[in-house]
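Open the model in your viewer and keep the selection tool ready. We will go from one stop to the next.

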Amino acid sequence: MGHLVGVTVLWAFSFSLIGVYLAGQVDSYFAVLTRIALAALVFLPFLRPSLLRGRQRLALMGLGAVQLGMMYIFFYQSFLLLSVPEVLLFTIFTPLYVTLLDDALFGRFTPFYLVTAALAVAGAAVIRYQGIDSGFWLGFLVVQGANLCFALGQVGYRRLSVELPTTLPRHSIFAWFYLGALVVALPAFALLGNTAALPTTGLQWGVLAWLGLVASGLGYFLWNLGATRVDAGALAIMNNALIPAGLLVNLVIWNRDADLPRLALGGAIIVGSLVLNEWWLKRRALQAA
């Protein structure tokens, strides 16, 4: 859980950095490509190809292609179809996908995870809900594509980790994850990128460097590592903990408008869902003993 909490704080700052210094100023596909390339550079020096079999390498590359590459393509496309509040609203369904996919990949069904995930969704909805216009169904489906990619990447890494030795140094194989994402990001920039909207200031390059080396590089490594050390219910809830954390950072540092009572209530619901999930786990462990 410590890994997930730490990355939540890290990514909470990333949202505001993107919104303030990059969005509408730097081509989004170039930003994605740069972030993924820098993240790959962080882990390439540690890469030891002999530690994984060929099938496992392809699986890890596939997870990177989905969780980072495809997710970003869907995510940025959604902003062409929806307003920002609508996109944010529709991302709250990710916890439900995490719980359902986790049960599907591990061959089980845990109804209680749906309860706690639904509570987390309710908390995020309280924070982010704003009225939506008609004619948003295509945009809704595109955002769900992004949500499914992010959820599938997390759950897929949990499933792959079951097959790996516990003594395997994960930092020595994680470069495959980013190389897989590059397989998607490179052609996406080549086909959809705007070379006239590249960074023009040192600040923009600095933000990209931070996002690539730290937020994407260190962040996704620790997030996926944390995903293997918690149950699916806690992982689903932490996916929505990013929303109040991001709003809080934005409010304190950049003084953006925020509905504080709504933020407090929604955050309390998300925390409550996590507490409920932990209580249920302890109760189940006692019963099993």
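Select Arg 159 to begin. Its relative accessibility is 30%, so Arg 159 counts as partly exposed (between 20% and 50% relative accessible area; under 20% is buried, over 50% exposed; 1.4 Å probe, protein chains only). This is a predicted model: local features need pLDDT of at least 70, side-chain atom pairs need 80 or more, and totals for chains, interfaces and linings use all residues. Residues are numbered from 1 along each chain as its sequence is written, and side-chain values use heavy atoms, without hydrogens and water.

Which residue forms a salt bridge with Glu 163 at 4.0 Å? Arg 159 does, by the closest N and O atoms. A salt bridge here is a side-chain nitrogen of Lys or Arg within 4 Å of a carboxyl oxygen of Asp or Glu. Both residues sit in helix α7, four residues apart, about one turn of the helix. Helices are DSSP runs (H or I, at least four residues), numbered from the N terminus.

Now select Arg 55. Its side chain meets that of Glu 163 in a salt bridge, 3.1 Å from N to O. This pair links distant parts of the chain: Arg 55 is in helix α3 (residues 54-78), Glu 163 in helix α7 (residues 137-163), 108 residues apart. Glu 163 is partly exposed, because its relative accessibility is 37%.

Last stop: Leu 60. Leaving aside neighbours within four places in sequence, Leu 60 is in contact (heavy atoms within 4.5 Å) with residues including Leu 52, Tyr 157 and Phe 177.

Definitions and conventions
Helices (H or I, at least four residues) and strands (E, at least two) are DSSP runs, numbered from the N terminus.
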